[in-house]
Amino acid sequence: MFTTDRLRLRAYNESTDKALLVELCNTAAVQATFFGGDFSPRTEKNLEDTINQLTTGSFHAIIEKLDTELPSDLTEPTGKDRFAGIVCVHSVHARNRCGEFAIALAPSVWGKGYALEASRFVIGHAFLNLGVNRLQLGVFDDNPRAKKLYEKSGFVSEGHREETRWVNGGWVGETLMAYLAKNWFSQNLK
């Protein structure tokens, strides 16, 4: 378990977290951003591959709010009260030390800086402790908030793919982004 100033990043617990991830993945705003606009109800069964990928990567963590971030009138917070989302580094290629970065937060916690706080921690952890040399991701053009988050986290654009998905009657492109360990080290270990 790790903590940042306002968050706890802890291991996935299937018995308590699966239902929270299913609920997160069934949120329209999350489906629009995380699943690329593939709007459909998702059950535990049809989310098995997604949950497996998110929870068996080189690094994965459930993001929880610390008590200081909870409403003061909440006397006995539950897992649902604390739950903020999930962050992971997955599909790490052993020889090339390149991994995929992903984060999904509940819309109720958007705009509070939690995504940036969790992302910065996990990126640093990946470079310092997991031996990752390159983190990469794709962000859809209709998700400017995520692109801004990734840029603030240190990712840089490496290219663009036009018309990668069809959503709401039109094509949307995707920006490919990456963060190299040498850049992280030069910015963070001076």
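Hi everyone, let's begin with the rings: this structure holds ten aromatic pairs. For a pair, the ring centres of Phe, Tyr or Trp (its six-membered ring) lie within 6.5 Å, and the planes are stacked under 30 degrees, edge-to-face over 60, and tilted for the rest. Take F101 and F155: their ring centres are 5.6 Å apart and the planes sit at 45°, so this pair is tilted. F101 belongs to strand β5 (residues 98-105), while F155 is in the loop between α6 (144-153) and β7 (156-167), so the pair ties together parts 54 residues apart in sequence. When I say helix or strand, I mean DSSP runs numbered from the N terminus: H or I with at least four residues for helices, E with at least two for strands.

A quick word on where this comes from. This is a predicted model, in which local features need pLDDT of at least 70 and side-chain atom pairs count only at pLDDT 80 or more, while totals for chains, interfaces and linings use all residues. Residues are numbered from 1 along each chain as its sequence is written, and side-chain values use heavy atoms, with hydrogens and water left out.

Are F101 and F155 buried or exposed? F101 has 5% relative accessibility and counts as buried, and F155 is buried too, with a relative accessible area of 3%. Here buried means under 20% relative accessible area, exposed means over 50%, and partly exposed is in between, using a 1.4 Å probe and protein chains only.

F155 also forms an aromatic pair with Y179, and this one is edge-to-face, with 5.7 Å from centre to centre and 65° between the planes. Y179 lies in strand β8 (residues 170-180) and F155 in that loop between α6 and β7, so the pair ties together parts that are 24 residues apart in sequence. Y179 counts as buried, at 2% relative accessibility. Now put these rings together: F101, F127, Y150, F155, Y179, W184 and F185 form one aromatic cluster.

Some of these names come back in the core. The largest nonpolar core has 32 residues, and those with the most contacts inside it are F101, I103, Y150 and F155. Such a core is a set of buried Ala, Val, Leu, Ile, Met, Phe, Trp, Tyr and Cys residues joined through side-chain atoms within 4.5 Å. Which element gives the largest share of this core? That is α5, with eight residues. There is also a second, separate core of 14 residues, which includes V22, I51, I62 and A104.

Let's look at α5 itself. This helix covers residues 114-128, so to speak 15 residues, and reaches 21 Å from its first C-alpha to its last, close to the 21 Å expected at 1.5 Å a residue. The expected span is 1.5 Å times one less than the number of residues. Helix α5 is mostly covered, with twelve of its 15 residues buried; among them are Y114, L116, V122, I123 and F127.

What does Y150 touch? Setting aside neighbours within four places in sequence, Y150 is in contact with F101, I103, L137, V139, F155 and M177, where contact means heavy atoms within 4.5 Å. On the same rule, V156 is in contact with L176, M177 and A178. V156 is found in strand β7 and counts as partly exposed, at 46% relative accessibility.

Now for two backbone details. Most residues other than glycine have a negative phi. R97, in the loop between β4 (83-93) and β5, has a positive phi near 55°. E163, found in strand β7, has a positive phi of about 45°.

Finally, let's step back to the whole chain. Its secondary structure comes to seven helices and eight strands. Of the 190 residues, 45% count as buried. The C-alpha atoms fill a box of roughly 50 × 45 × 30 Å along the principal axes.
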